[in-house]
Structure formats: C-alpha cells, structure tokens
Amino acid sequence: MSDNCSICQPRLDPYGEVLGQRYSTYLAPTLKEAPAEAEIISHKLMIRAGFIRRLAAGIYSYLPLGLRSLRKVERIIRGEMNRFGAREVLLPAVQPAELWKESGRWDKFGPELLRIKDRHDRDYVVGPTHEEVITDIIRREVRSFRDLPLNLFQIQTKFRDEIRPRFGLMRGREFIMKDAYSFDLDEKGADVSYKAMYQAYQNVFRRCGLKFAAVEASSGPIGGSFSHEFMVLADSGEDAIAFCPKCAYAANLEKSSSPTYALTPGLLNAPLEKAHTPNCRHVPELAKFLGVKEASIIKSLLFIADGEPVMALIPGHREINQAKLKDALEASALVLASPEEAEKITGVPMGYVTPVGAKVKILADLGVERLGSGVAGAGEKDYHYLNAQVGRDFTVAAFLDLLLTEEGDGCPKCGSPLAIKRGIEVGHVFKLGVKYSKALGATFMGVDGQESPIIMGCYGIGLGRTLAAAAEQNHDQDGLIWPLALAPFQVGVLPLQVHNPTVKAAAEDLMDKLTALGLEVLLDDRDLRPGVKFKDADLLGLPYRLTVSEKSLANNQVELKARNDRTVTNISVDLAPLEVQKLVNLALAV
C-alpha cells in the first residue's frame, strides 16, 4: 500500500466527492423485498438498493448512494447549461401570492398549488415552478435592449400537491428540478435560445446514457405557443408517444396531429328522422341495433370548461383527445360532465344528448365535417336522429383536430402508419412568448425608444425523474445496471475473506491505486458471506466489480466482471487498475 493511501488521506474528485469509500461506513441499507407500495421497477430497485426512502406520500429522502447519482445528473445538466450560455441563480422556494395573482395563475393553477399563510396571515405558495419569480427579477433589473438576451437557470426543490403521487421519484409531490428561462428582444432571438436549449437537452440525456426522443407536446399549465418533451422510452412510461418509423415525426399523444381515417359520407339529401333506439346509450350497441357502422355515428360529449358547458362532436369509432379540446377552448380546467351533470344541463340521460337545438357551444372534429351527416342523439331517452346533417340541423362553432391518435393512423408528415410507444417525460422546453412578461410588465426599451414586452422561453428537467428513468431502462432480474455516467461509484471492490490480512491488504491497495487513477470506488469491507456481497453488488448496479479472494490471489489475480456482462475474467492484480481505467474511459467516450 502506498504512503498516501486513501485510509489516511481520502482522494477527492474535482467536485469534492471522496473517490474511495468503505461500505461499512456508508448508509446503504439493502432490502430483499420491495415495499408493497412500490409498483414499477425503478421504484422497487431504488428502494431495495438503498438509494431512497419514503417519508410521506410522494416525498422521498435521498440516501448517500442516491445522492451521489443525483449529483451526477446535476453536474451533467449544469455543465451543458453553462456551455450554452445559461447563468445559474437560486430562487426562493416560497413565493408571495401577489405574484401569482398578478400572472393570473393563483386561481387557474388548481389544487396542485400548495398555498400557505405566514404568521401575519399573508398568502404564499410553495413553488411548483418559478416563472413569476424570475419574471419579477427581470422586470426590476432589465431596462434596455442592451441588457438582452439573457438565459438564467436554477436547480431547486419544487412542490406540486399531486392528487395521486405514485411510482417513487417518477411522480412525486416534492421533486428537484432544473428550470431555465430565456429572455429575448424578438421572436428571432427567442428561436435561437430555444434551439440552443433543445441541443443542450439532447446533450444532457445522451451523456446520461439514456435512449430518448424529443417529441412535439402540449404546453399544459405553463402555457406558451410551442413545446417539445424529451421522453425516455420505457414500457412503464405514463405517456404515450406517436412515432413514424419512416420519417422524423414524433409527438406526445396529447399533441399528435389529426390522423387520416376512412369515413363513408352520410346522405346529405335525406331528411332528419327520429328513430326509436331502446337502451342504446353506447355507440357499439347503437350501431348493432341500427345496422350501421360505428363511424357513421356522431358521438356527442358534454364537458365543463372553466365552469361552462361545451359540447364536442367526434366520429363514433374514435376517442376524444381532451388536451386538444382544452387547448382549443383556451380553458384552465376541463372535465367530462358526469351523467348527473349532463342530464341536468340537457334534460336527457347521457347517450341521448343531441347537437340539434343545443344551447351550448359546439366544437366538432374534422371527421364530423367529412362525414356530413350521421346518427346523433335526439335529445329524448331511447331515441336517436338519423341523417343529422352538419349546417342544416345543427351549427358548429369550429371544426378542429380533436381525436386521440391510434396505432396505424397515417403520419401527418409522410402518411405512413404510426406506431405508439410508451415514454417517461424527463424534460420539457417551451416557447412562452409574452405570456408572463405582459402580465407582469417585464419590458425593455428598444433602439427606437419604444417599450416592448420581453420574449420568454422556459426549459425544465426533472432530476429525480431522470434518475428513475435510467433505472427503468437499465436493470435485470438481479438489480440495477447504472449507465457509467450516473453510477454512484464506477467500481466495486469485493474482498471475500476480510479477516485474511493478505486479502484485506490487496483490496485496500486496489482501492488506493484505482482512486489514484481518478476512479470512484466502493470497497465492500463488510464481514459477510460472499453470496450476500455478490447479491448486493448486483443490486447496486455498479458498472465494474473486482473480486479479491484467497483463491485468486494464490495466482496473483483478481476477478473482473462488468455488471452488464455475466462473464468473469481473471486478471493480474498489477494490471487490474489500468484495465478498469481503460474500460471506464472507453465507456465515457461513447
């Protein structure tokens, strides 16, 4: 062992982390079984491996291993933000209600906004996002076109009071997020900022070792004119993504463009006719009773948008995309009316609601326009209209793309059949425009002396979610298989007989030489059976493992094993550190 061994003088990486650590001094409690509430693999394995522990619903503590990996995500993000010209700030987690009232989101954000009062009975929120706070800074500090453009980012804890927190770090109430905000003079500058952040996000997720896709997306409660989500592809993903195998098109199902589908136009000259349709409240039973195709039925759906009823019409064989309807209405809240609400508003049971003579605003899918006429509710129980014709029998405020894309629908760019995959949203980039700068009065004085609102963009990454997504993509039946860039340690050193001075000294020497090469090492110095150590090593998912035993040392060798490869290689004790360094460097260079 060298005189500067890691026992006496721990080596640190450039971020101040100790390169070599001993399992016996580490809080890394592993479990044989996952708790009952853990549903998806990342949640199960990160709890079993001692990365996280649940404090309350949707609120988790990071233990040392989990925090080391989280810090690696943070460093990658910080590096790319700095590379693309963003400058770091740290904003308060608690925000005054006045800012949210000024932006209009105090009443619109919904119950996810955690509202609190201080001792003086003043209203505050625990920030779910920071558009208001950052815009307030800019409106106070930026005066002239000479002060722009700017891009500011932070890594901060957020809180959204999710009604159903689940899946561990994937959908928590408290979470750590990187949010960046760009401020530009005009749309051209805003496009430059957007493209820079888009590229930075590509770099972040590639460096994290993830398989991902950037897809067109809805802007949701943040608002804005245009956005992309960065999705990590995984079967457990909450989001569905429409992909075209033949071109570059990809979009969240909430945003996916109008599909092409065949419709047989109705008889436009046929008179409106009322038909008795007993107990036919649903499309399949109505189509069977009348002997017509489901596509010839006009499905009338009643929604409540910001407290007001609105009707949406779609072809009977398809499902509505509520996100598209909400965007079309520019509504803050949209819910499907309950059967009781629908009957109270229309006077008839759900299933017989009619657009004919309706007293509410009607929006219709483009397919209804193409259909021309079809079967629709007659506004009377057990009755439907035949040959209900758009324009003649009822009026539509607007024809829009309102359908949920399905597998096999035509790609809006090239017409090829679309495929549907699952994904986990880990990042989102928005073009905000002047939504917040106008509301809060963030303006600049131009060259011409005219005052104009600043053009904004917003860019978020969920750090914990990124870590969980990596676990979803990288595991096997034995545990985690971390991408090298996110692993808490790069190498595990396992002495099997810790009471044997020769084995112990060889393991300590290996750790010392590995850390001298700048590698991160976890030495499992626990006095446990070899089987337990092997199981824990696989569960933790460290990329490389060096096993030191009496048997291998007899031949002046140790066993080298990559976590993603079941092959064990015997290698010279003297050559092992350099061989592992070469493997690590090759993996990081990819």
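Reader: How much space lies in the second largest cavity?

Author: About 60 Å³ of space lies there. Keep in mind as we go that this is a predicted model. A cavity is a space where a probe fits but cannot get out.

Reader: Which residues line the second largest cavity?

Author: The lining includes Tyr-23, Gly-492, Leu-494, Leu-522 and Asp-524. Helix 14 gives the largest share, four residues. By class, the lining divides into six nonpolar, one polar and three charged residues.

Reader: How many cavities of 30 Å³ or more does a search of the whole structure find?

Author: Three. The largest cavity has a volume of about 80 Å³. Among the residues lining the largest cavity are Gly-492, Leu-494, Ala-537 and Leu-542. You will also find Gly-492, Leu-494, Ala-537 and Leu-542 in the lining of the second largest cavity.

Reader: Which elements each supply at least two residues of the lining of the largest cavity?

Author: Strand 28 (491–495), helix 14 (530–540), strand 30 (544–548) and strand 31 (557–562) do. The lining of the largest cavity holds six nonpolar, one polar and four charged residues.

Reader: At what angle do the axes of helix 2 and helix 12 cross?

Author: To read a crossing, look at the angle: 65 to 115 degrees counts as roughly perpendicular. The axes of helix 2 (residues 64–83) and helix 12 (residues 463–473) come within 10 Å and cross at roughly 110°, which means helix 2 is roughly perpendicular to helix 12. Their crossing is right-handed. Among the residues making the contact are Gly-66 and Val-73 of helix 2 and Leu-463 and Leu-467 of helix 12.

Reader: How does helix 1 pack with helix 12?

Author: Helix 1 (residues 41–48) and helix 12 pack at an angle of about 100°, with their axes 8 Å apart. Helix 1 is therefore roughly perpendicular to helix 12. Ile-41, Ser-42 and Met-46 of helix 1 meet Leu-467, Ala-468, Ala-471 and Glu-472 of helix 12. By class, that contact has five nonpolar, one polar and one charged residues.

Technical notes
Residues are numbered from 1 along each chain as its sequence is written. This is a predicted model: local features need pLDDT of at least 70, side-chain atom pairs count only at pLDDT 80 or more; totals for chains, interfaces and linings use all residues. Side-chain values use heavy atoms; hydrogens and water are left out. Axes are lines fitted to C-alpha atoms, for helices over the stretch in contact, and angles run from 0 to 180 degrees between N-to-C directions. Angles under 35 degrees count as roughly parallel, over 145 as roughly antiparallel, 65 to 115 as roughly perpendicular and the rest as oblique. A crossing is left-handed if the near helix is turned anticlockwise from the far one by less than a right angle, and right-handed if clockwise. Contact means heavy atoms within 4.5 Å. Ala, Val, Leu, Ile, Met, Phe, Trp, Tyr, Cys and Pro count as nonpolar, Asp, Glu, Lys and Arg as charged, and the others, Gly among them, as polar. On a 1 Å grid over the protein atoms alone, a cavity is a set of points where a 1.4 Å probe fits but cannot get out, and a pocket is an open set with protein on both sides within 12 Å along at least five of seven lines; lining residues have an atom within 4 Å of a point. Grid points are joined across faces, edges and corners, and a volume is the space filled by probe spheres set on the points.
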